[in-house]
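I opened the notebook for a pass over helix packing and the surface. My notes follow the order in which I looked things up.

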Amino acid sequence: MTTSTPETAPGEHRNRRRAWLREHSELGVCVMLLALGALVLTDALTMDVEIAQRGPIGPKTVPVAVGIGLLAVAVILAVDVLRGGRGEAEGGEDIDLSEPADWRTVLLLAGVFLGAAVLIEPLGFPIAGALLFWGAAYALGSRHLDRDPLIAAGLSLFTYVVFNNLLGVPLPGGPLMGVL
């Protein structure tokens, strides 16, 4: 039979653990950075590249550097948090944490991104990108139905031309492939 003293009440240990986790919540960011760094390094090191590459810097160099950087930041942040370091809120932050989340906006944005991902192949980037930019503006509160689609189309075409023609990153053109 277990007896509990006032010092070791059954729920007290659980409350102390929750309090410790709440005080060290930045460790969650450390875990995320560690996982992301491991993923980037694994992808970079298993990347299939040709043996005959020009110069000492190949396609693995930047991803390996980014992966190592992510791991280093995760470790440095974890050490800082465990030593008592805390992130401070910005002085000019205007977010009321007592208000509930705006799930309508979140769901609208998620739908817009999902729709763009589904439509990019059949419609091409210029059309899917225009729908993405206009849909995101609408979800975030813009109600200028006369100018927002025009701005979105212009921004999408500009992005397509820059990536496809200037940077050499091929984007699907869709039905506009012959025109652009």
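Is the crossing of α2 and α3 left-handed or right-handed? I looked it up in the model, which is predicted. The α2/α3 crossing is left-handed.

**Entry 1: α2 and α3.** I took helix α2 as residues 27-45 and helix α3 as residues 61-82. I noted a packing angle of about 160 degrees for this pair. I found their axes 8 Å apart. Angles over 145 degrees count as roughly antiparallel, so α2 is roughly antiparallel to α3. I then sorted the residues of this contact by class. The contact of α2 with α3 has 23 nonpolar residues and 2 polar ones. I found no charged residues in it.

**Entry 2: the surface.** I searched for a nonpolar patch and found one made of L114, V118, L119 and L131. Together these residues have about 360 Å² of accessible area. Which helix gives the largest share of the patch? Helix α4, residues 103-123, does, with 3 residues. I placed L131 in helix α5, which covers residues 125-139.

**Entry 3: α5 and α6.** I looked at α5 against helix α6, residues 148-166. The two pack at an angle of about 135 degrees. Their axes are 8 Å apart. That angle makes α5 oblique to α6. I checked the hand of this pair as well: α5 and α6 cross in a right-handed way.

Key: Residues are numbered from 1 along each chain as its sequence is written. This is a predicted model: local features need pLDDT of at least 70, side-chain atom pairs count only at pLDDT 80 or more; totals for chains, interfaces and linings use all residues. Side-chain values use heavy atoms; hydrogens and water are left out. Axes are lines fitted to C-alpha atoms, for helices over the stretch in contact, and angles run from 0 to 180 degrees between N-to-C directions. Helices (H or I, at least four residues) and strands (E, at least two) are DSSP runs, numbered from the N terminus. Angles under 35 degrees count as roughly parallel, over 145 as roughly antiparallel, 65 to 115 as roughly perpendicular and the rest as oblique. A crossing is left-handed if the near helix is turned anticlockwise from the far one by less than a right angle, and right-handed if clockwise. Ala, Val, Leu, Ile, Met, Phe, Trp, Tyr, Cys and Pro count as nonpolar, Asp, Glu, Lys and Arg as charged, and the others, Gly among them, as polar. Patches are made of residues with over 30% relative accessible area and no salt bridge: like charges are joined within 9 Å, nonpolar side chains (Val, Leu, Ile, Met, Phe, Trp, Tyr) within 5 Å. Accessible areas come from the Shrake-Rupley method with a 1.4 Å probe; for residues, only the protein chains shown count as cover. A salt bridge is a side-chain nitrogen of Lys or Arg within 4 Å of a carboxyl oxygen of Asp or Glu.
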